[in-house]
Amino acid sequence: MLKRYMHNRERHFAFLTDNRIVRDFDWGTEFVGGNGGNPHDFFTEYSKDILQNSNEYFSLPSEIEYEPINENNEICWKSAIETPCEKNNRVVAKLFPVNNKSTAVIVLPHWNAPAESYFGLCELFNKRGMSALRLTMPYHESRMSPDLVRADHLIAPNIGRTLQSTRQAVLDTKACVRLLKNEGYERIGIVGTSIGSCVAFLAFTHDNDIEAGVFNHVSGYFADVVWQGLSTYHVRESIEKVVSLEDLREFWRPISPMGHIEKLKENPRPQKYIYTLYDLTFPVDLSRETIKRIKQTSPQAESSWLPCGHYTLGESPWKYIDGWKITSFLKKNLR
């Protein structure tokens, strides 16, 4: 009975304002340096190469010029990835500081998160003695392309653009880490939700300055979420006409947590994975499979679940329980 109720609530929230557009499929090799040839073969080799050289793929330039913090406690800089959209190339992050600079947590929102979302979580970190830095994800809010009403370029029926956008999100996150280090913060944690969880994991496995992480909603393969998820039916509708799930999984493995789990062995750190039992966007079997693989590689990893879904996690009482789990774990492990 609870499962049926939660699934109905999930569908209600998912389609409450359904402004999703089914866009045309595109290989998008130009977004990742392709120059002709067979796109299927190109992405097959591209994926293999990136997985063998992921540290280089997710490396920051040696110099990033941060603008002075403004009156709204926002810090801006030019993204390490240059995309065709100028607005998207200017990164924005909002700082929620406390008096001391011992601990700061980077907060990564979900896909299509509205402006000022997660401010409450940042304020909860403040109440527990930690500063927070909330990143505006690529193609969101002030970074949104003028032709969009949703952040469709972040997760798109465009193979290359999705790779570029997610890589940009990871590098923007790593730039947040450097910013906080430059500002004198001693210990840095991270929390990401939904697509933010994926980006946070990729940053966590490629930046040893992140000392603890919480991953809110969990899945191993980027492609499987798009293929099975309630929120991405419009992306799958275009892709499945051209590309199989098996091929898509390989093409997007460089931006999938499952492709980088082995890196957890290199620098064991506290990590917590939170999933929901009635999630139709990150199906629970994908979450459990991923956490099982992670714990085989990283035995110190913790996990917990909540009896709600992807969208209903934003409702009472689940959002308060979730917030307490997140802040408590990071407070404990960033001392």
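This section describes strand pairing, helix packing and selected residues in a predicted model.

Strand β2, residues 90-96, pairs with two other strands. With strand β1, residues 74-78, the pairing is antiparallel and extends over 5 bridges. Within this pairing, E74 has K94 of β2 as its bridge partner. Strand β4, residues 131-135, is also joined to β2 in the antiparallel sense, here by 4 bridges. K94 takes part in this pairing as well, with R134 of β4 as its bridge partner. Of the 7 residues of β2, 5 are buried, so the strand is largely enclosed by the rest of the structure.

Strand β5, residues 187-193, likewise has two pairing partners, but here the strands run parallel. Strand β3, residues 103-108, pairs with β5 in the parallel sense over 6 bridges, and V105 stands opposite G189 of β5. Strand β6, residues 210-216, is joined to β5 by 6 bridges, again in the parallel sense. In that pairing, V191 has V214 of β6 as its bridge partner. Because 6 of the 7 residues of β5 are buried, this strand is largely enclosed by the rest of the structure.

Helix α5, residues 159-182, packs with helix α6, residues 195-205, at an angle of about 60 degrees, and their axes are 9 Å apart. Angles from 65 to 115 degrees would count as roughly perpendicular and those under 35 as roughly parallel; α5 and α6 are therefore oblique to each other. Their crossing is right-handed. On the α5 side, the contact is made by T166, A169, V170 and T173, and on the α6 side by V199, L202 and A203. Of these residues, 5 are nonpolar and 2 are polar, and no charged residue takes part.

Helix α4, residues 119-127, packs with helix α11, residues 318-333, at an angle of about 40 degrees, with the axes 10 Å apart. The two helices are therefore also oblique to each other, and α4 passes α11 in a right-handed crossing. L121, L124 and F125 of α4 form the contact with G323, W324, I326, T327 and L330 of α11. By class, the contact has 6 nonpolar and 2 polar residues, with no charged residue.

Most residues other than glycine have a negative phi, and most peptide bonds are trans. The peptide bond from S316 to P317, however, is cis, with omega near 0 degrees. P317 is placed in the loop between β8, residues 302-306, and α11. Positive phi values occur at N73 and at Y139. For N73, phi is near 65 degrees, and the residue is found in the loop between α3, residues 54-57, and β1. For Y139, phi is near 65 degrees, and the residue lies in the loop between β4 and α5. N73 has a relative accessibility of 28% and so counts as partly exposed, whereas Y139 is buried, with a relative accessible area of 0%.

Finally, K292 lies in helix α10, residues 284-297. With a relative accessibility of 55%, K292 counts as exposed, because the cut-off for an exposed residue is over 50%. K292 and N53 are separated by 239 residues in sequence and by 25 Å in space, from C-alpha to C-alpha.

How values were computed
Residues numbered from 1 in each chain as written. Predicted model: local features only at pLDDT ≥ 70, side-chain atom pairs only at ≥ 80, totals over all residues. Heavy atoms only, no water. Buried < 20%, exposed > 50% of the residue type's maximum accessible area, 1.4 Å probe, protein only. Pairing = 2+ DSSP bridges. Axes fitted to C-alpha atoms, helices over the stretch in contact; angles between N-to-C directions. Parallel < 35°, antiparallel > 145°, perpendicular 65-115°, else oblique. Left-handed = near helix turned anticlockwise from the far one by under 90°. Contact = heavy atoms within 4.5 Å. Nonpolar A, V, L, I, M, F, W, Y, C, P; charged D, E, K, R; others polar.
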